[in-house]
Protein chains: 2
Amino acid sequence: MREVKAEILAIGDELLYGQIMDTNSLWISQQLTDIGVRVVHRATVGDNEPAILEAFKAAQQRADIVLITGGLGPTRDDLTKPLLAKYFDCDIQLVPEALEAVKSYFARRGRELTELNILQAHLPTKCTYVPNTMGTAPGMWFEENDTLWMSMPGVPHEMKKLMETFVFPQLKERFSLPVIYHKVVKTVGIGESWLADKIRDWEDALPSHIKLAYLPSIGLVRLRLTAFGEKIKELTVEVEEQIEKLLPLAGKYVYGFDETSLEDAVGQLLRSQNKTVALAESCTGGYISHLITSVAGSSAYFNGSIIPYHNQFKQQVLGVKKDTLIDHGAVSEETVIEMASAVRKTFGSDYGLASSGVAGPGGGSDEKPVGTVWIACASEDGVRTKKLQLTDDRMINIQLSGISVLNLLRLEINKITE
Amino acid sequence: MREVKAEILAIGDELLYGQIMDTNSLWISQQLTDIGVRVVHRATVGDNEPAILEAFKAAQQRADIVLITGGLGPTRDDLTKPLLAKYFDCDIQLVPEALEAVKSYFARRGRELTELNILQAHLPTKCTYVPNTMGTAPGMWFEENDTLWMSMPGVPHEMKKLMETFVFPQLKERFSLPVIYHKVVKTVGIGESWLADKIRDWEDALPSHIKLAYLPSIGLVRLRLTAFGEKIKELTVEVEEQIEKLLPLAGKYVYGFDETSLEDAVGQLLRSQNKTVALAESCTGGYISHLITSVAGSSAYFNGSIIPYHNQFKQQVLGVKKDTLIDHGAVSEETVIEMASAVRKTFGSDYGLASSGVAGPGGGSDEKPVGTVWIACASEDGVRTKKLQLTDDRMINIQLSGISVLNLLRLEINKITE
């Protein structure tokens, strides 16, 4: 089986100026990798005739399929369409079907069709018209010079729809793509090298057709298993068997699989046990509540939060004892215990979570430098606490504290000791 | 004055697999554009000898300077260094100064130096060693084949430091770069096309050496003015004069300039007037508090928040009247007025902000479909409210509500009517 090679070409001055982030090329890379197409090259060029023509020529020499985004707006700056016609030596003509689509697109929105929009229904005669149901610039598919070409608008949701409804099916039909099964194991509470140490024997014993990649991000490490073979069912079984062997080694750090976020996982745990949670956030300032409530349906288990950003309000609004604050300070185990217990009671919740720390850049001392954070999880069984010693970066401290608090709740619900 | 052309080359299989986002190329594009260097091409290639050598050759034909990131790790996968040596036909030798730097890097962290780390101090003989104070892979500078070349590690903060301390000064010394002055005007509360309508005459009257770009993002539109000329002082004065003319047309939408975020701007307003704020967040679930507290020093003006995610807690914790909730519902002007007033009082703050809405995807009704949000800002002068009719996307609704609430406070502090 021959490897299918792809090139991704993004067109637009705004990309080279750094005015917008090219998320399209990243997404296309991920999707193609997932179906076993090898991305061999990505390029970005401006709205410039020689540069675009040169990029077409270079891509053709490297790839079986060239995926082009951008440069399809109706203004004169946008060159992709005329240059595709020039490169493939053909005319541009009105495509009645495309005109109907543009007309109905505007009619649905009650907007006037302009001259420029009508131009968008004119396409190179050598292309196959691919309807864009999300916008006005059609997709264009070419089979020229022993290469497949797809030109798409740069608007991400329009591009994605065209890829999903047209390009992926075409690729699967035309090429004998390898059978690949992916599974991502998501861990929290352990660094990449420590995790690697724990699972080394397992990793070394993986069969050669199952590859492992470590994908670390702030506070989390993802393990990505990719299995290559003949039959998807066999690969699925094999990967699941490997994961069964992995779990005894790394199980207490594993919070979920594939697209599950930590806040999703914690939400599912709460929901499955019919439990509720409330938060008293000091140094995290609402970040954890935001994570929890970003999940659709979180009102089933999230009761509410209090963010008492000063000692005075930790006392008055939340009910932390004045003596506790005076004797131990706001950033202390004693204070977070009272915060978690108080907010649990206030919102009549099964679990109460709390954070208090020095996020920085100011507010540090010798005893409690920037990055010192206390967190707590109160339940009917008592209060779990943890001291974190984080970084000197405010945003990273907020993020790491948030992840640690959610993980503390996960461990508590699962009755796992750290 | 000849235009200086740059190419950005990112190396690494993990980029082509879509495992990591290439933020380096975006940042370098922005920075080069800002100093008047024209980025003519960006490319991404994998850890593959022919692909990398071909990319070097193509870049050399297009650019005066080639900026390379990635492929400098100590493992055998990383090919950038040996291929630079091959491409420029030279040996790789130990650079004692680089070895000292790597040794002291490890000593400072109390870690053991490995064989692989010592290899990182071996460099192509034709390169100038550029110390990397943030990591172990040095920068390498070449002046070969009428082109300048800089190879840098892919770790963003290491790359940025090398660019700032070495590459930009080199570029400014070696080339007569155009004199450019940038200023970004940041607006909120108005869409791109409406803003364009309001400022059309001003835009049409801009002198030809001052360019305007509209840069929209969720809820915000940035106006970027770029002036080209001879003397930076004159350009600064000219751009400031243009902004003076712009403000009467768009002033009430302008919340700041350049790097100022909306939460920065609102924080500066509160701080300058010695005022404080508290929030009652329902549908935004902590997002606005998180925005406010992501700003360093926000404890000077942020007192705290209550997030009563259910009617019961709007009553019990915040003190909204039961009758109000029964008669008008949680998503109503009456409820957000009581929420904003109550939280203002609870936290003894000058301003009280509130949000209540249907973020979605569930919870909508004919009367109050998904995307219906009421917001309020209470002060000693009374309560300002606004009804928003947003989208069917939960995260976008949360973000747009957050921006609208911060903007409501900005308008209230500045005594601007919408």
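Two strands are taken to pair if DSSP finds at least two bridges between them, strands (E, at least two residues) and helices (H or I, at least four) being DSSP runs numbered from the N terminus. In this predicted model, Ile306(A) stands opposite Ile306(B) in β14(B). The two strands concerned, β14 (residues 302–308) of chain A and β14 (residues 302–308) of chain B, pair in the antiparallel sense over five bridges.

Residues are numbered from 1 along each chain as its sequence is written, and chains are lettered from A and ligands numbered from 1 in the order in which they are written. For this predicted model, local features need pLDDT of at least 70 and side-chain atom pairs count only at pLDDT 80 or more, while totals for chains, interfaces and linings use all residues; side-chain values use heavy atoms, with hydrogens and water left out.

A further pairing between the chains involves β2(A) and strand β2 (residues 38–45) of chain B, which are antiparallel over five bridges. Here Arg42(A) stands opposite Thr44(B) in β2(B). Both strands belong to an open sheet of twelve strands with mixed pairing, in the order β6(A)-β7(A)-β8(A)-β3(A)-β1(A)-β2(A)-β2(B)-β1(B)-β3(B)-β8(B)-β7(B)-β6(B).

The contact (heavy atoms within 4.5 Å) takes 58 residues from chain A and 58 residues from chain B. About 4600 Å² is buried between the two chains, 58% of it on carbon and sulfur atoms; buried area is the accessible area (1.4 Å probe) that two parts lose on being put together, summed over both. In chain A, the most area is lost to chain B by Leu16(A), Arg42(A) and His290(A), together 13% of what that side buries.

Two salt bridges are counted between chain A and chain B, the criterion being a side-chain nitrogen of Lys or Arg within 4 Å of a carboxyl oxygen of Asp or Glu. The side chains of Arg62(A) and Glu54(B) form a salt bridge (2.8 Å, N to O). On the side of chain A that touches chain B, the largest share, eight residues, comes from strand β2 (residues 38–45) of chain A.
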